[in-house]
Amino acid sequence: MKTSVTTTLAAVLLLLTTGGASPGQQVADPPCVGQIHPNPGFEHGATGWTAGPRIVVFGDATRPAHTGRAYATFAGLDVTRGDLLRTTVTVPANCDLTVRFWVRTTTTETSRGDYLNVGLAVTGIPPKTRFSLAFDGGAQWRQYTMSSGTATTERTATVSFVSSETAGNGATAFDVDDATVTLS
Ligand SMILES: [Ca+2]
């Protein structure tokens with residue numbers, strides 16, 4: 001009996017192995033497959049992102065991108081307004097989602113007035129601001145990382161960058177580049 005079960009199992013495994021490799025056969029997307037965002041460095045403008053009406057993505061030789069030619073920039077106009085940039089991805093069951101992004105801060109402020117909130121909203125977890133960046137973020141590119149953790153069910157994750165600035169007392173611009181979204 002034991003031999004019979006083992007043989008059957010071996011046959012099933014063989015079938016799965018060879019069946020999965022057949023050309024043209026519908027195969028489910030493999031989970032946890034690495035970086036999944038189509039445009040993490042903004043080289044294709046706002047493709048793959050939902051951008052607010054005044055979000056600017058550009059290249060500027062005097063303020064170079066972290067990589068490539070383009071990046072997203074928020075605030076910096078010394079007016080009272082906000083910017084929004086976000087993207088939503090599917091997180092397969094048992095995958096962890098890690099978001100890495102780089103921020104450079106250019107400021108004339110000396111206290112916290114303008115800010116950039118970076119959030120990660122994941123199914124089953126209350127939306128949360130993971131970073132609230134301000135004038136003291138640094139004039140050099142700095143990398144930040146946030147993760148979703150794993151779950152046994154498929155989830156949706158939304159990464160959001162939301163800036164808020166107020167007129168007066170100087171201005172702070174936040175540049176964002178290489179916002180990668182990686183499943184592992
Ligand atoms: Ca770039």
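Reply: Phenylalanine 42 sits in the loop that runs between strand E1 (34-35) and strand E2 (50-51). Helices (H or I, at least four residues) and strands (E, at least two) are DSSP runs, numbered from the N terminus. The model is a predicted one, in which local features need pLDDT of at least 70, side-chain atom pairs count only at pLDDT 80 or more, and totals for chains, interfaces and linings use all residues. Residues are numbered from 1 along each chain as its sequence is written.

Although phenylalanine 42 is not a glycine, its phi is positive, at about 65 degrees. Phenylalanine 42 is buried, because 28 other C-beta atoms lie within 10 Å. A residue counts as buried if 20 or more other C-beta atoms lie within 10 Å of its own, as exposed if 12 or fewer do, and as partly exposed in between, with C-beta atoms placed from the backbone.

Aspartate 78, also not a glycine, has a positive phi of about 55 degrees. Its loop lies between strand E4 (71-75) and E5. Aspartate 78 is partly exposed, because 19 other C-beta atoms lie within 10 Å.

Strand E5 (residues 81-91) pairs with strand E10 (residues 155-165) in the antiparallel sense, over 11 bridges. Two strands pair if DSSP finds at least two bridges between them. Threonine 90 is opposite threonine 156 of E10. E10 is also joined to strand E7 (residues 115-122), by 8 bridges, and these two run antiparallel. There, valine 118 has phenylalanine 161 in E10 as its bridge partner.
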